[in-house]
Amino acid sequence: MMSVEDVHTYYGPSHVLHGIDLLLEKGDVISVMGRNGAGKTTLMRTIMGLTPARQGTVGFDGRDITRLKPHDIFRLGIRLVPQGRNVFPKLTVEENLRLALVAQKSADPRSELEKAYDRFPILGQRRQQKVKGLSGGERQMLAIARGLLGKTRILLMDEPSEGLAPLIIRELHDTILEIKTEDITIFLAEQNVKMALSVCDRHYILEKGEIRFTGTTEEMSANKDIMIQTLGVSA
Amino acid sequence: MTVLNGLTMGMVLVLVAGGLSIIFGMLDVLNFAHGSLYMLGGYLGYTLSIATGSFWLALLLAPVGVAMVGFFIEFFTLRPLYGRPPLHHLLLTFGISLIAQNAVKFIWGNDIYSVETPESLTGIVEFLGIAYPTYRLFILLFSIGIAILMWLLITKTRYGIVVRAGTEDIETLEAHGIDTRKVFTGVFILGSALAAIAGAAVAPMRTVYPQMGIDIIIDAFVVVIIGGLGSIRGTVIGALILGQAIQMGAVFLTGFADAAIYIVMAGILLFKPSGLVAESN
């Protein structure tokens, strides 16, 4: 469904991704783990077209999307839940959600919004509130809800658990497991190894812009050395 | 009477500075040529009202013409410079304003033109115990009407959501399926049309002259600064305050009127260095 082949990405002169190869099949729930600065966010941004690869290709449904604009990539069904719960603080909860429907003319806005509020009742209660007043966990829910509106085919989640309290991470964990049952392909960037191992089936470990290890959850757990070496933790 | 004049002046400034503020908030472009668009509105309104014989038709068509000019400016000159330091845009739009001013002198000459007030709006109306020129009252109500339309557009429609989101974070907007380049063009065209509406509407009251663009852009910049850069609400409040300052200055500081603007600006910035409605982030 999605392939990343020999991708090199730069921020100005600094070379961040050094030849990344990935494969995501429909329905896959895959993680990419790595320390801060390993290149997880850059990988997400490259797929979304925000920082296009200078070399290599990103393919989706057999089509080369490496140099498409982010808004065109969005329209293919690829959704980014950005790092840092990047929602619009001065807009209300509902306006944030409606924004993701503007470009999806086929979707029925009312029923899409209702679906989002069913999934996250707290957002329904706060629909008219400005996002400024929301807690970190609520903002994360909003960012995820926004990513699921309309025809989502791949959900790219960039460190959703970052900076959240353990109780909220627990909730987030359950939410991702629920999305998993809905036939949406998930690509999760995480530093939280426990979280990544418990929700995803296959994993990539990223270190200094290169893939160091690929394997299923069992293979990862059997290979504690590589985890300690690259992530500094064992699960 | 002075208060009412100040209010009229303030509402005209809302139209000009409102566009300037949204363009700045979204495109990160301090558009020095915004005054030129106002000026073109005035000149085009003048020519069209003579050509068509109808002030109303001119008031409708002049903004359409200027909107087209706005499209060309955004599409062919600003667009290649997005992502560059703001100084580049300032120099570019400053250059455009010089070109526009000289083009106007070339086409219309250095003369001052007066646009005839439409017959239905000549004379004086009396209300609240004061006699006020009908045309000024019309401008006041007309600009309030346009401002309300803009307010509805920005707060109630999905286009408004897109514009407000764009003043916060362009990249996240782009990543949610919005072609932000098209939105930039649209916002610039709308801002141009608003400036032209103001220029064409005040022409019968203030005449049309080559300096008018420079005169208004200074006031509009002051409005945007005292209101708080990029804040629409701040712009409205700033415009209303400045409108009063200009009129009060003209009455009470005769011969020294322009100073009133800067006294007010300095006074406000002394207590609120980032403007009246400062954005926390």
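**Ground rules**

I am working from a predicted model, in which local features need pLDDT of at least 70, side-chain atom pairs count only at pLDDT 80 or more, and totals for chains, interfaces and linings use all residues. Residues are numbered from 1 along each chain as its sequence is written, while chains are lettered from A and ligands numbered from 1 in the order in which they are written.

**Entry 1: where chain A meets chain B**

I looked up the contact between the chains and found 20 residues of chain A against 15 residues of chain B. Contact here means that the C-beta atoms of two residues, placed from the backbone, lie within 7 Å. On the chain A side, α2 (70–75) and α3 (93–102) each supply at least two residues. Helices are DSSP runs of H or I with at least four residues, strands are runs of E with at least two, and both are numbered from the N terminus. Which element gives the most to this side? I found that α3(A) does, with 5 residues. By class, the chain A side has 13 nonpolar, 3 polar and 4 charged residues. For the classes, Ala, Val, Leu, Ile, Met, Phe, Trp, Tyr, Cys and Pro count as nonpolar, Asp, Glu, Lys and Arg as charged, and the others, Gly among them, as polar.

**Entry 2: α3 of chain A**

I stayed with α3(A), where 7 of the 10 residues are buried, so this helix is largely enclosed by the rest of the structure. Buried means that 20 or more other C-beta atoms lie within 10 Å of the residue's own, exposed means 12 or fewer, and partly exposed is in between, with C-beta atoms placed from the backbone. The buried residues are A:V93, A:E95, A:N96, A:L97, A:L99, A:A100 and A:L101. I then checked what they pack against: α4 (109–119), α5 (121–125) and α6 (136–148) of chain A, together with α6 (158–168) of chain B.

**Entry 3: two domains in chain A**

Chain A is assigned domain 1 (1–77 + 153–235) and domain 2 (86–151); these bounds come from an automatic or database domain assignment. Their centres, taken over C-alpha atoms, are separated by 23 Å. I count 13 residues from domain 1 and 8 residues from domain 2 in their contact. On the domain 1 side, α2 and α7 (166–180) of chain A give two or more residues, and α7(A) gives the most, with 4 residues. That side divides into 7 nonpolar, 4 polar and 2 charged residues.

**Entry 4: two positive phi values in chain A**

Most residues other than glycine have a negative phi. I noted A:R85, with phi near 50°, in the loop between β6 (78–81) and α3 of chain A. I also noted A:K208, with phi near 45°, in the loop between β9 (202–207) and β10 (210–216) of chain A. Are these residues buried or partly exposed? A:R85 is buried, with 23 other C-beta atoms within 10 Å, whereas A:K208 counts as partly exposed, with 14 C-beta neighbours inside 10 Å.

I checked the span of α5(B), residues 134–156: at 1.5 Å a residue its 23 residues should span 33 Å, and the end C-alpha atoms are 32 Å apart, which agrees. The expected span is 1.5 Å times one less than the number of residues. In α5(B), the buried residues include B:Y135, B:R136 and B:I139. Their cover includes α1 (2–27), β2 (130–133) and α8 (180–206) of chain B.

How do α5(B) and α8(B) pack, and at what angle? Their angle is about 170° and their axes are 10 Å apart, which makes the helices roughly antiparallel. Axes are lines fitted to C-alpha atoms, for helices over the stretch in contact, and angles run from 0 to 180 degrees between N-to-C directions. Angles under 35 degrees count as roughly parallel, over 145 as roughly antiparallel, 65 to 115 as roughly perpendicular and the rest as oblique. Among the residues making the contact are B:F142 and B:I146 of α5(B) and B:I197 and B:A201 of α8(B). By class, I see 9 nonpolar, no polar and 1 charged residues.

**Entry 5: B:V224 and B:G238**

B:V224 lies in α9 (212–227) of chain B and is buried, with 27 C-beta neighbours inside 10 Å. B:G238 is found in α10 (232–252) of chain B and is also buried, with 30 other C-beta atoms within 10 Å. B:V224 touches residues including B:A17, B:L20 and B:G238, leaving out residues up to four places away in sequence.
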